[in-house]
Amino acid sequence: MDVPVPSWKQEAERELKHASRALREGNDGRARACARRAVGRVIAEFNRLRPGTAIAGRSAVDMLRTLASTATIPERVQKAATRLVTNVNRRLSPDFTLHPVNDARIVISFFEEEIRRCGRD
């Protein structure tokens with residue numbers, strides 16, 4: 001029996017596919033926007049399930065900024081969130097990757113695990 005995939009997961013995966021396509025086409029700005037939307041969808045689901053520990057923000061960018069400065073979040077997740085919201089000109093330094101899909105997957109994996117801990121995926 002097939003287990004249905006929750007819509008939030010489908011939406012996030014769809015955005016990641018769009019981001020990957022944009023990268024292949026050389027459109028870094030669109031790739032970053034899609035990657036941020038994918039992360040935002042997963043964080044929104046986490047917020048829905050765990051309102052007492054919600055990541056504040058009205059938009060995906062706001063939530064990523066909050067995440068990047070939240071001390072209780074693992075450093076690798078904070079750094080990925082930071083890279084996703086950092087200005088492109090600053091991202092051209094050696095400290096930053098140029099692969100927003102990988103950064104999005106780091107953040108998404110963390111929150112998918114947190115959602116699983118809620119007993120729902």
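1. Glutamate 114 counts as buried at 12% relative accessibility, where buried means under 20% relative accessible area, exposed over 50% and partly exposed in between, with a 1.4 Å probe and protein chains only. In this predicted model, local features need pLDDT of at least 70 and side-chain atom pairs count only at pLDDT 80 or more, while totals for chains, interfaces and linings use all residues. Residues are numbered from 1 along each chain as its sequence is written, and side-chain values use heavy atoms, with hydrogens and water left out.

2. The side chain of glutamate 114 meets that of arginine 117 in a salt bridge of 2.9 Å, N to O, a salt bridge being a side-chain nitrogen of Lys or Arg within 4 Å of a carboxyl oxygen of Asp or Glu. Both residues lie in helix H6, 3 residues apart, which is about one turn of the helix, yet arginine 117 counts as exposed at 58% relative accessibility.

3. Glutamate 15 lies in helix H1 and arginine 37 in helix H2, so the pair ties together parts that are 22 residues apart in sequence. Glutamate 15 is buried, with a relative accessible area of 18%, whereas arginine 37 is partly exposed, with 43%.

4. The axes of helix H1 (residues 7-24) and helix H2 (residues 28-49) come within 7 Å and cross at roughly 165°; axes are lines fitted to C-alpha atoms, for helices over the stretch in contact, and angles run from 0 to 180 degrees between N-to-C directions. That makes H1 roughly antiparallel to H2, a description used for angles over 145 degrees, whereas those under 35 count as roughly parallel, 65 to 115 as roughly perpendicular and the rest as oblique. The residues of the contact of H1 with H2 divide into 11 nonpolar, 2 polar and 7 charged. Here Ala, Val, Leu, Ile, Met, Phe, Trp, Tyr, Cys and Pro count as nonpolar, Asp, Glu, Lys and Arg as charged, and the others, Gly among them, as polar.

5. Alanine 38 has its place in helix H2 and is buried, with a relative accessible area of 0%. Not counting residues up to four places away in sequence, alanine 38 touches Ala12, Glu15, Leu16 and Ile108, contact meaning heavy atoms within 4.5 Å. Alanine 38 and glutamate 13 are 25 residues apart in sequence and 7.0 Å apart in space, C-alpha to C-alpha.

6. For the chain as a whole, the secondary structure comes to 6 helices and 0 strands, where helices (H or I, at least four residues) and strands (E, at least two) are DSSP runs numbered from the N terminus. Of the 121 residues of the chain, 39% count as buried. Among contacts with a separation of 6 or more, residues 24 or more positions apart account for 57%.
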